[in-house]
Amino acid sequence: MGKVGILTEKPSAARNFAAALGGMSGTFAGTEYVIVHARGHLLELKDPAAMVPAPLTDKYKSWELEHLPWNADDFRWEREIRRRVSGGKLVTDPDAKSLLHELRTALSGCESICNAADLDPTGEGSLLGWEIVEYLGLENKKLERMEFLDETPASLRKAFTARRPVTAIAAEGDYRKADFRSKWDMLSMQFTRLATKTTGASTVLRNGRLKSAMVVIVGDGLDAHHGYLKKAFYENRFRDENGVTYTDPEIDRFENENEVPGGLQSSPVVHDGTTRKKTGPPKLMDLAALSSLLSKKGFGAKNVLDTYQKMYEAQVVSYPRTEDKFISIEQFNELLPSVDAIAGVVGVDPAALSHRGPRTSHIKSGGAHGANRPGPNVPPSLAAVEKAYGELGREIYELLAKNYLTMLAPDYEYDQHRGHVEKYPSFVGSLNVPAVLGWKGVFVVVEEEDGGERDEQPTGATALGTVADPFVHEGFPPRPPHPTMGWLMKQLEKRSVGTGATRTSTYAEVTNNSGGKALMVEKRGKITLSAIGELNHRILPGTHIGDLTITEQVFEQMAQIEAGTGDAADYLSLVADLVRRDLETMKTNAGKLSGELTARMGKAGVTREAVEMIDLPPELHFTHADTVVTRAKRLFGGHRFTDTEVAALLAGRVIEIVATSAKSGKTFTCTGKLEPGVREKDGKQYPHVSFNPQFEERAPRTDLVSGVWKGKQVTFKGRGWGANDHWPGKDFTEQELASLLAGETIEFDATSKTGKTYRAKGALAAGTYQGSKTFGFKLKFEDRTSTAGTKKRTVRR
């Protein structure tokens, strides 16, 4: 047969194909081939005004509300070479144009063209390849599709020999659904125009299916968190000498402590029995869960995506854009021979991985790429990962590998001791005593606190006590959690919205403030709304675009289009009615903003007309000399107080906010309330009422030592280095300190976070951590050995 042109998605994929087949061109299994590549999407839909008849051009250029909604039937739906910003203007990307010319030359000489782009849940890879074929006018050639789960040589060779013939591009279901999604999202530009115009903003308020829903979820979550009233309740409880608490789930609660009935007496505890219980390992991670954990360490979602993609291209980790939460038995068996090597890289004792058989909770059929996990290329060490992909790459691999390895460890087992108070049998208690550490000895993710009341297990207790004493318990209703990336991703996952990679990429977009237009501000996973995001939040209530139901409907429509039971044109025509109804809703919401917030937005972000103020009630007015202060600023440290926060401040209550330092640009958390004061400037006094932040006083550190190192005065942690739950840390002796300051390497016995002992060896060193300069004792990972297996890791304390 004639030559096959293999069109891959990106250069790295082309290199992997070449490694599998024997070169960028040649013959494999009797078939001549040539490998070419794109660089992501080379094409994009034209501007709306460029896809309608000439008489309608001005209407579709206009942002005026009278020209909305659009008629989907007006569009010709044409693609053009992707554009980029250059010199402040949007121009055709010369690199994409040049690459398309090269592709035309290479593929024109082939008898058949095989789309070998990624096979992903949204059909994006299929669209990426076929839109190039259509644009180049090559759709009349013999067409084929190559489908593979990963880019290992075996998978690619198998995919090459199992190429599937394609009768017509339009007959490809995954292409149809991805094409529909791109058109729907282009039509969603109307919601951006609605929000921008109804609020009177001059900077674009970006909206879209997932962006808008994220803003609503986070904004509502912030209101609930800041609006929380910490109101105590009181009830009777018992506690035994071992610290176990006994409660009656039906007992009355009281608002005042003196209302709680008395008369309860100490009583023996009746032991009702002990049961051995088990819990299996956690589910495999997706990119959203992985990114959420890394956000707490200061790594942004976009950097996680970019770094993970590079690691995938080298087959160090698995395919990123999967929607699978499990792996197949074939994928399990492929990675099984590498388990000991992976464990060695991340410092897990292979002997702890005694459950080497497939778990039905993690191994299922029906998936495609499988859940995110380590790849077939096992790195020699975490140091090698860090050298190739930076500190973030190291963190990605360690988290992903340990999460995967928990599946191969035994269940966690504990004995649950149950009992009740003899004289008051409705008061019951229990104690969980660990019996078999199992997978918890490999990897445990600490769940985020939700602010709710928890039944704490007493430390060190191994059995119920013998006598329980009554006491009055003071409790509080659970406070809604402060929104975090992890919390937001869980809200989206509950609604099955997109893949982990899609959720992460959209989150990266809405938190990207490179152009001063971020909708959200994220600091170590904690989220607040920017001024633009807050305005968007207040224009979206009740809208369709701000409701996740829209995304669920679009995904259902995509599934029907892929199956051939639904028509894209019919579904696209429904968008107009959504726009029409959202226009009326946004107008109503905008009316509630009068006298409160009318934003003018320039290139640098949001600026407000004059200074936005809060009118104070008489009891908060402040009189100084002949001046009476009746208003306070609504902005502090870049944070604009929400309506809920304003109500709390006007009631004289203390609130907690996340603000931004004007000097360093770093965010910080503080509590405070409105308080009067007098500011002096140029000999004049200016009375005011403003938000007065309060910070916890920090005791002076006693663990630092100073000295001269390489001719420089330095300060570093000299006492309690490496402290954790299992040991108090290392206090360097005077001799060791002298050796360290002299630039020498020292050795000592230490304990890891998991309680394993190892021989530590290291010296003083300067470095950087998440962009900040650091100095202190650093382990030399290449010389570090553990008594429970090798653990190579640079530890920063």
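This briefing walks through the overall build of the protein and then a handful of its residues.

The structure is a predicted model: local features need pLDDT of at least 70, side-chain atom pairs count only at pLDDT 80 or more, and totals for chains, interfaces and linings use all residues. Residues are numbered from 1 along each chain as its sequence is written, and side-chain values use heavy atoms, with hydrogens and water left out.

**Overall build**

- The C-alpha trace spans about 90 × 75 × 70 Å along the principal axes of the protein.
- Of the 797 residues, 49% count as buried (buried is under 20% relative accessible area, exposed is over 50%, and partly exposed is in between, with a 1.4 Å probe and protein chains only).
- Take the contacts between residues at least 6 apart in sequence: 69% of them join residues at least 24 apart. A contact here means heavy atoms within 4.5 Å.

**Surface and charge**

- The accessible surface comes to about 37600 Å², and 50% of it belongs to carbon and sulfur atoms. These areas come from the Shrake-Rupley method with a 1.4 Å probe, and for residues only the protein chains shown count as cover.
- The protein carries 105 positive and 104 negative charges, and their mean positions are 6 Å apart. Lys and Arg count as positive and Asp and Glu as negative, while His and the chain ends are not counted; each charge is placed at NZ of Lys, CZ of Arg, CG of Asp or CD of Glu.

**Helix α1 and A14**

- Helix α1 covers residues 11–21 and is mostly covered, with 8 of its 11 residues buried.
- The buried residues are S12, A13, A14, N16, F17, A18, A20 and L21. They pack against β1 (4–8), β2 (25–28), β3 (31–37), α5 (153–161) and α10.
- A14 sits in this helix and is buried, because its relative accessible area is 1%.
- Not counting residues up to four places away in sequence, A14 touches T8, M24, I35 and H37. A14 and I35 are 21 residues apart along the chain, with their C-alpha atoms separated by 6.4 Å.
- Just after α1, G22 takes a positive phi of about 110 degrees.

**Helix α10 and T307**

- T307 belongs to helix α10, residues 301–313, and counts as buried because its relative accessibility is 12%.
- A polar atom of the T307 side chain lies 2.9 Å from the backbone oxygen of N303.
- Leaving aside neighbours within four places in sequence, T307 is in contact with Y389, L392, G393 and I396.

**Backbone points to check by eye**

- Most residues other than glycine have a negative phi, and most peptide bonds are trans.
- A29 has a positive phi, near 55 degrees. It lies in the loop between β2 and β3 and counts as exposed because its relative accessibility is 61%.
- Q315 also has a positive phi, near 60 degrees. Its place is the loop between α10 and α11 (329–335), and Q315 is buried, with a relative accessible area of 5%.
- L68 and P69 are joined by a cis peptide bond with omega of about 5 degrees; P69 lies in the loop between α2 (57–61) and β5 (79–81).

- R237 lies in strand β11, residues 233–240, and counts as buried at 7% relative accessibility.
- S739 lies in helix α21, residues 734–741, and is buried, with a relative accessible area of 17%.
- Leaving aside neighbours within four places in sequence, S739 is in contact with E744 and I746.

Conventions: Helix = DSSP H or I, 4+ residues; strand = E, 2+ residues; numbered from the N terminus. Polar contact = N/O pair within 3.5 Å; in protein donor to acceptor, adjacent residues only side chain to side chain.
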